[in-house]
Amino acid sequence: MKNYIKTDEWKIIEEGFKPELNKISESIFSLGNGRMGQRANFEEAYSGDTLQGNYVAGVYYNDKTRVGWWKNGYPEYSSKVLNAANWIGIDIAIDGIQLDLAKCEVTNFRRELNMKEGYLKRNFRAKNSADKQVEVEAIRFCSMADDETGAIKYTITPLNFSGAITITPFIDGDVVNQDANYDEKFWDEIKKETRADGGYLHLRTKKTNFDVVTGMQFTILQDGKPVKGGEPVEKEKYIGIKLGIGGQEGHVITIIKYAANLSSQNHPVNELAAKTKEILQRISTKGFDTMLAKQAAAWAEKWKHNDIIIEGDATAQQGIRFNIFQLNQTYTGEDDRLNIGPKGFTGEKYGGVTYWDTEAYCVPFYLATAEQSVAKNLLLYRYKQLDKAYENAAMLGFGNGAALYPMVSIDGIECHNEWEITFEELHRNGAMAYAIFNYVRYTGDKSYLIDYGLEVLIGIARFWAQRVNWSADKEKYVMLCITGPNEYENSINNNWYTNTLAVWCMDYAMQIMQKVKAADNTKYNALLKKLNFNETEETKKFSHIIEHMYYPYDEKRQIFLQQDGYLDKKQKLVKDLSPEDRPLNQKWSWDRILRSCFIKQADVLQGIYFFEDKYDIDTIRRNYDFYEPRTVHESSLSPCVHAVLAAKLGDEARAYEFYLRTSRLDLDDYNNDTEDGCHITSMAGTWMAVVEGFGGMRVKDSKLSFNPFLPGKWQSFSFHVGFRGALLNVKVSKGETLINNLSGVNLSVLVRDREYAIGANSEVSIAG
């Protein structure tokens, strides 16, 4: 675990230049606006350890799958979001010596991510090999107000010399992906253009044929006066403008660089260049200071709806705000073609693709903190890929309308090439159904079920009905060769969570059939005809499976068994592991991990979290107390579920421990992998840990319900939630829960199972 980030409630601060931690900082200090984003690479050259990363939402490449032993059913390609043109580049040379912090004596280094106003600031002094020292300040942001643009203000001051300073603002499209399967470059150059104050680079992806035009426009000032002149520098997939300036000791040189990234996802190809020029002209006319002010205003609006305030614990406060900040940078919900990659715009690991994390963890966050359309767009993203889900199921041998959503995808086709995931980790299918349930429960939007949801639910139910088989020995239905959420187990039989989820999916599908039939019989019959669904025969089969599913259970301990044979493993607790063994996935062989009892992330407890209303508190406690001590939490998705359940059990110590771990997972590099990018989807779980954990928020009988408690280290905490047109602020302090209705909608809520009416624009104080 690293501990170099300074504690501040609104800022992420790094002091002192630490090259060995640079890639971690590049992830943590990343920027984005939903349309584009980037790692916190330096504007000037850097020959040290770095992972260059600029990304454009929705632009990807289908990289040919690479495996040692091909198996039928493997995907032909692995989709990945591409490292796009580097637009932040500003090359600096001092009397011919390139400014490169890896080759300089660096002092006064400070990097600051201002989460309140949405910008990155960096300061340093650097002395080169000729003992010439400069002072630099760089401020940049990806604009929330103009979401295809970004801006940089870069100042450089000679401190102990006067001499020639060469400045080259550039765009470099000759970039690579670190995770390329065959070391190929994914972009072709179509066209480029330079002029005295900027230019553009038009690139096209191989295979997928996405066009992206990246443009720049800049101004250079010395002592506030414009510097003119400059010569174009053109190379393959590269444009730059080189200017020479007579630098004077103590006199400031300022470079203001505006950039735009436009893709064929959003504009006709033949209009990209002209539109890029138009946008650059518009934002440069606004000016950097105006753009920065609008950026602050846009973030103020976001914080007004989704800030969480923790009083008395700055470390916890910084953690939750960092998580919320990164979530808002990654996804705005304005485009149902986009989704949330596990690393967002912070790195290329996992290829920027979509996992089940979105449905299980992100949907609750966006339901409560954004307009209803935002969460709905996440569901529509999956609905529009239903045909691909049929194809995925068919690749594995299933038919008759069975739908299998991918573990890993951008376009809907499975592109994960590890057999234990592609073929076995099937619980992802249930997460799609659960997200529909969660959305409808929270919003009351029953029309979604009629227009979209039921079609998806039937496809998923059909898959489960074909995936199980009848065991003559057990006289039950079983599910064989499965990987559950705990990926430290492969090819197991009867994973309790997967069996439970499959049955729930079939039962929920049949419930919704009846509701849709009653609400709109014409549409219902049309859907059954479209799907060739034999209601009598297929629902009969669903019901038989539901009534006769096998669930592994240990009578002695009265716990749900993670899978058949779990107790045959040598039982050992995490506390008994040597620190040198952690993390297991970096220290142990895979064989050793598979034979151990250790659990990567919530598995049985994931099911209890989803379906907690089915189990009494003693059942939840027994399972929690058995499985949590065996869980190593080496998935970013693990601590948040444990925090929520610990809070439900009144286990303050573990609830706080897991909250702090999930909120600071990347800031403190708990799992020794932040350099690959931040864990964006699990950040929604941090929000869950506060709101569902300490706030005890649930939806019961179409009402918000709260069962709050205050961690001992906190003086108070408060959060906003939107619910069916109302906006509430809930503040929990010692001896009081205060709920303020900030909207014009009357609302009734439950607090510790007692109902309270909260009129429009009024508040209620509840003791205890």
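Visitor: What makes residues count as being in contact with arginine 664?
Guide: Contact means heavy atoms within 4.5 Å. Leaving aside neighbours within four places in sequence, arginine 664 is in contact with Thr315, Gln318, Gly319, Asp669 and Tyr670. Arginine 664 sits in the loop between helix 19 and helix 20 (680–694). Helices here are DSSP runs of H or I with at least four residues, strands are runs of E with at least two, and both are numbered from the N terminus.

Visitor: What is the basis for all this?
Guide: This is a predicted model, where local features need pLDDT of at least 70, side-chain atom pairs count only at pLDDT 80 or more, and totals for chains, interfaces and linings use all residues. Residues are numbered from 1 along each chain as its sequence is written, and side-chain values use heavy atoms, with hydrogens and water left out.

Visitor: Is arginine 664 called buried or exposed, and why?
Guide: Buried means under 20% relative accessible area, exposed means over 50%, and partly exposed lies in between (1.4 Å probe, protein chains only). Arginine 664 has 3% relative accessibility, so it counts as buried.

Visitor: What makes the pair of arginine 664 and glutamine 318 a polar contact?
Guide: A polar contact is a pair of N or O atoms within 3.5 Å; within protein, one must be able to donate a hydrogen and the other to accept it, and residues adjacent in sequence count only if both atoms are side-chain atoms. The side chains of arginine 664 and glutamine 318 are joined at 3.0 Å.

Visitor: Which side chain makes a polar contact with that of asparagine 490?
Guide: That of tryptophan 590, at 3.3 Å. Asparagine 490 lies in the loop between strand 23 (476–478) and helix 11 (496–519). Its relative accessible area is 14%, so asparagine 490 is buried. Its contacts beyond four places in sequence include Glu420, Glu424 and Leu594.

Visitor: Why is glycine 459 called buried?
Guide: Its relative accessible area is 1%, so glycine 459 is buried. Glycine 459 belongs to helix 10 (residues 447–467). Not counting residues up to four places away in sequence, glycine 459 touches Gly401, Ala402 and Ala403.

Visitor: How do you know that the buried residues of helix 17 line one face?
Guide: The buried residues of helix 17 (residues 617–627) are Thr619, Ile620, Asn623, Tyr624, Phe626 and Tyr627. Seen down the axis, they fall within an arc of 165 degrees, so they line one face of the helix. That arc is taken from the directions from the helix axis to the C-beta atoms. An α-helix has 3.6 residues a turn, so residues three or four places apart point the same way.

Visitor: What covers those buried residues of helix 17?
Guide: The cover includes strand 25 (559–560), helix 16 (604–610), helix 18 (638–648) and helix 19 (652–663). At the N-terminal end, aspartate 616 caps helix 17, with a side-chain oxygen 3.1 Å from the backbone nitrogen of aspartate 618.

Visitor: What makes strand 28 and strand 29 a pair?
Guide: Two strands pair if DSSP finds at least two bridges between them. Strand 28 (residues 716–723) and strand 29 (residues 726–733) have eight, in the antiparallel sense. The two form a hairpin with two residues between them. Strand 28 is also joined to strand 21 (residues 308–311) by four antiparallel bridges.

Visitor: Why do strand 2 and strand 4 count as edges?
Guide: They belong to an open three-stranded sheet of order 2-3-4, paired antiparallel. Strand 2 (31–32) and strand 4 (54–56) each have a single partner strand, so one side of each is left without a neighbour in the sheet. Strand 3 (residues 36–38) is joined to strand 4 by three bridges.
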